[in-house]
Amino acid sequence: MQVNFEELFLSKIDKEIKIEPKDWMPEKYRQTNIRQISQHAHSEIVGMLPEGAWITRAPSLKRKAILLAKVQDEGGHGLYLYSAAETLGISRDEMTDQLLTGKAKYSSIFNYPSLTWADMGAIGWLVDGAAILNQVMLCRTSYGPYARAMVRICKEESFHQRQGFEILLVLSQGTDEQKAMCQDAINRWWWPSLMMFGPTDSESTNSDQSIKWKIKRKSNDELRQQFVDMAVQQIKVLNMTLPDADLKWNDERKHYDFGAINWDEFWQVVKGNGPCNKERLDARKKAWNDGAWVREAAIAYAEKKKKSLPQPLQGGALKTA
Amino acid sequence: MQQPIPNSQFLIPYCLHLADTTLILSHRNSEWCGHGPILEQDIALTNIALDLLGQARNLYQYAATLMGDEFDEDKLAYLRNPSEFKNHLITERPNEDWAVTVLRQFYFSSFQHYFYSELKNSSDKQLAAIANKSLKEVAYHLRWSSEWVIRLGDGTTESNAKMQNAVEVLKDYTDEFFVMSNEEIELLQQAISVDLSTIKNNWQQKINEVFAEATLQFLYSTQPKIGGKLCQHTQYLTDLLVDMQVLQRTYPNSVW
């Protein structure tokens, strides 16, 4: 009997059966997932930089411990995601090469600078908050390894968002200088956070097919609206304002209307002309190039051990005293 | 009225020395976060930074209880000057490269392993408890750093040269581990502190064992640098604290 692979694939999608690495899948589905998962992984890794810059300056030991753990979590998320992408037949080194040569993108939000401590709060609340909406949706994405990685990541992300909000909450109840710092960070991160959901649905080139294949479950604009509705409620707790004069409740739509997004700015940053694109990529290149000798040594050592150990391997390389 | 705590004039500086050392090394390791040579190792070194920070917090909190209500962990970490810090000098050195970072961690974790193994028997219950808890973390730090010293020492010609250079860079900084300060001598009489002379041989043996496997040559110092416990520091500590303390100093009496 002739099996029609494409029909089988589509019927799995239809029945909500996850697509697994060894299953047949259309080449475009594979490529779309590779692109999306690797971009997501790169975003986690580049995303370590703006917050990492404040680890040494965190204003209390408790905040330092939380921030350090948070940035470390992002490294861990990058690791799961690279592994998920590898199941589609691309290596981590290839993906890294794509990042460093500019072939692969990462979330544009990380091309904005983190100027004050309040940015740690705004990044957690707004940037992680926007990311979570996308990631909660992705827990149900059709590619199994990606969906499972997302389930784990979402648990940690909700903690990240809470810690960010809590940083802002403390600042919002602090001195006048702290309140000003808090408002300033919200002003700077608000619009770029709205841009995180990507172009409007009418402009989004990859969306239709991704929704059919259940890689995505909601459109960019739906998620963006959900985010705005959520943030409008939460900003009240902070007693701060969102920098948008056009924000108002629309009783007909049962959603908040919001002002026009500066798409020129969005495309400029995507094209590499944002405030920190060069710095972020340079930092990744430096880490990669400076670390080359370490990776080479690790491989050389592993090769030596393989050759010199015909007998079964003993536990670790050495005993701890 | 708070009861005067016996030995507090020695116990407080002793706790601060232990706290400062772990805080400053945590700080240096945390500078790698997001910049490591391999993602897994970036995460591993950050874990070590987190553990050391946790140890520092336990020790500062204990010191603060001995010092009275107006002190807390943040005042001790953020509002003391470089001339009041008592960390080992090896911890304040810049990271330079992955070789120096890994070797320093190995020297320090080996030291901490033997040190905490003794301190867990301290007659001071709080210090004994902190040592006991930290010892489990240090077992991992020691395993990780030993494995990397061996891997890099016995890896490529280039990695061996970088590790041997790290041995040279750090050669004057390990003797300080074993120099007893006045407070350590005083506290030893009540079995609170650790007799550092008793752990020196174990430490050296451990280093020799790992170096043999790593094909590295240990270098003995002819001019040991030992001022850290006496609050005599390098410019590196000033620079580090300017960065670390910036928010607490710029916005005094704020809650974060």
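1. Polar contacts first: across the interface of chain B and chain A there are 14 residue pairs in polar contact, both residues at pLDDT 80 or more. A polar contact here is a pair of N or O atoms within 3.5 Å; within protein, one must be able to donate a hydrogen and the other to accept it, and residues adjacent in sequence count only if both atoms are side-chain atoms. On the side of chain B that touches chain A, helix α2 (residues 39–67) of chain B gives the largest share, 11 residues. Sorted by class, that side of chain B has 26 nonpolar, 14 polar and 16 charged residues. (Ala, Val, Leu, Ile, Met, Phe, Trp, Tyr, Cys and Pro count as nonpolar, Asp, Glu, Lys and Arg as charged, and the others, Gly among them, as polar.)

2. Before going on, a word on what you're looking at. This is a predicted model, where local features need pLDDT of at least 70 and side-chain atom pairs count only at pLDDT 80 or more, while totals for chains, interfaces and linings use all residues. Residues are numbered from 1 along each chain as its sequence is written, chains are lettered from A and ligands numbered from 1 in the order in which they are written, and side-chain values use heavy atoms, with hydrogens and water left out.

3. Back to the interface. Chain B brings 56 residues to the contact and chain A brings 50 residues, where contact means heavy atoms within 4.5 Å. About 4,500 Å² is buried between the two chains, with 67% of that from carbon and sulfur atoms. (Buried area is the accessible area, with a 1.4 Å probe, that two parts lose on being put together, summed over both.) In chain B, the residues losing the most area to chain A are B:Leu39, B:Leu247 and B:Trp256, together 15% of what that side buries.

4. Now the charges. Chain B and chain A share three salt bridges, each a side-chain nitrogen of Lys or Arg within 4 Å of a carboxyl oxygen of Asp or Glu. B:Glu40 and A:Arg92 pair up in a salt bridge, at 2.4 Å from N to O. Over all chains, the whole structure has 30 salt bridges. Inside chain A, A:Glu303 forms a salt bridge with A:Lys306, with 3.5 Å between the closest N and O atoms. Both residues sit in helix α13 (residues 292–308) of chain A, three residues apart, about one turn of the helix.

5. As for the folds, chain B has 11 helices and zero strands, whereas chain A has 13 helices and two strands. (Helices, H or I and at least four residues, and strands, E and at least two, are DSSP runs numbered from the N terminus.) Along its principal axes, the C-alpha trace of chain B spans about 65 × 45 × 35 Å; for chain A the spans are about 70 × 65 × 35 Å.
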